[in-house]
Amino acid sequence: MSKTPTAAARPTSDVTSPPARTSTPAALVKRSGGVAWFASRFAVIGVWIALAVLFSALRPDTFMTSGSLKVIFGSQNQSALVFLTAALLCTIIVGEFVDMSVASNFGLAAIMLTILHVNHGWNVWAAVLAALVLSTAVGAVNGWLVVKVGVNTIVVTLGMGTFLLGIALWVSDLMPVSGLPSDFKDIALQPVAGLPISFFYGLALMLGFAYVLHFTPLGRTMRFVGESREVSRLAGVRVARLRVAAFTTAGLIAGLGGVLSAAATGGFDPNVSQSYLLPIFAAAFLGTAILQPGRFNPIGTLIAVFFLATGVLGLQLLGATSWVTSVFYGGVLVVAVTLSTVLRSRSR
């Protein structure tokens, strides 16, 4: 009589089949973390590339041309924004949240250079030196009022910006002033590799700024002060001196941008300076979502300047009128500040 095999003797698929390969929770976390790490640093660059591809497909005859590339990378507007955002970063990185006067300081340097040469007969290089001394002094006064006197940064710089705009309008009699020497424009417009030399000034400025922040004791100290003034002071850092120096350097950089702008156009319209205020904040905050999430950084800001230029130019080529600039810059500023807030909260 045959015997029926018991359940214990029967082979089962659980014993004979190899175990299924599944991702472990640690592997999934590592993989998702890698994606998040990459997206937090390079997503904006991906969007920039996507915008360029979209505009190229919609306007192939106008967008993907050397003329459009020169507008994005080599126009005087972008050069001015690079210098202004660099000036803004000087104070933001040491913890002074906003300097609302950099655009007006930029405009004052540009109009004073023009006025001194055209209306008062100064040698153009002496006028350049005077404009730079003036813009640097404005930065030093801002620093003294904020750091030594203790006045709120926004109050000081907003008031100073309005004051400087009024001075620029007064000395120019509310009118654009021109008449700088024709050969003087070469300091800003001399072509190098198909782009004006001012593009390379801005590139060198931002690369040098990034080097200082990442590879020098000064840069690390600036970051340290920006994170905690009190801890920095207890560690022996001369916090007050560094903060004043940041405002002073911001004034000098804004003045350099103003000199280059006046040289490129042969003069300056003082009413133009305020139009830069929104774009420089949009670029600075958008830069915190590029390369170093949640942190203001020069290279990210430089990329953000050209991202904004690409968006505005593409929309204009699609038929949008002048209102699109304000809409685009304002929208990007809101998104950029939101991204900066989220990334900063996650990094803590």
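Leu 291 lies in the loop between α13 (277-286) and α14 (298-317), where helices (H or I, at least four residues) and strands (E, at least two) are DSSP runs numbered from the N terminus. The model is predicted, so local features need pLDDT of at least 70 and side-chain atom pairs count only at pLDDT 80 or more, while totals for chains, interfaces and linings use all residues. Residues are numbered from 1 along each chain as its sequence is written, and side-chain values use heavy atoms, leaving out hydrogens and water.

Most residues other than glycine have a negative phi. Leu 291 is not a glycine, yet its phi is positive, about 70 degrees. With a relative accessible area of 27%, Leu 291 is partly exposed; buried means under 20% relative accessible area, exposed over 50%, and partly exposed in between (1.4 Å probe, protein chains only). Asp 173, also not a glycine, has a positive phi of about 60 degrees. Asp 173 is found in the loop between α7 (153-171) and β1 (177-178), and its relative accessible area of 60% makes it exposed.

The protein as a whole has 15 helices and four strands. Of its 348 residues, 46% are buried. Its exposed surface comes to about 17,400 Å², with 68% supplied by carbon and sulfur atoms; accessible areas come from the Shrake-Rupley method with a 1.4 Å probe, and for residues only the protein chains shown count as cover. Where contact means heavy atoms within 4.5 Å, 74% of the contacts between residues at least 6 apart in sequence join residues at least 24 apart.

Ser 198 is found in helix α9 (residues 197-215). Neighbours within four places in sequence aside, Ser 198 is in contact with Gln 76, Ser 79 and Ala 188.

Helices α5 (residues 102-118) and α6 (residues 124-149) have axes that come within 8 Å and cross at roughly 150 degrees; axes are lines fitted to C-alpha atoms, for helices over the stretch in contact, and angles run from 0 to 180 degrees between N-to-C directions. α5 is therefore roughly antiparallel to α6 (under 35 degrees counts as roughly parallel, over 145 as roughly antiparallel, 65 to 115 as roughly perpendicular and the rest as oblique). Residues making the contact include Leu 108, Met 112 and Leu 116 of α5 and Ala 127, Ala 131 and Leu 134 of α6.
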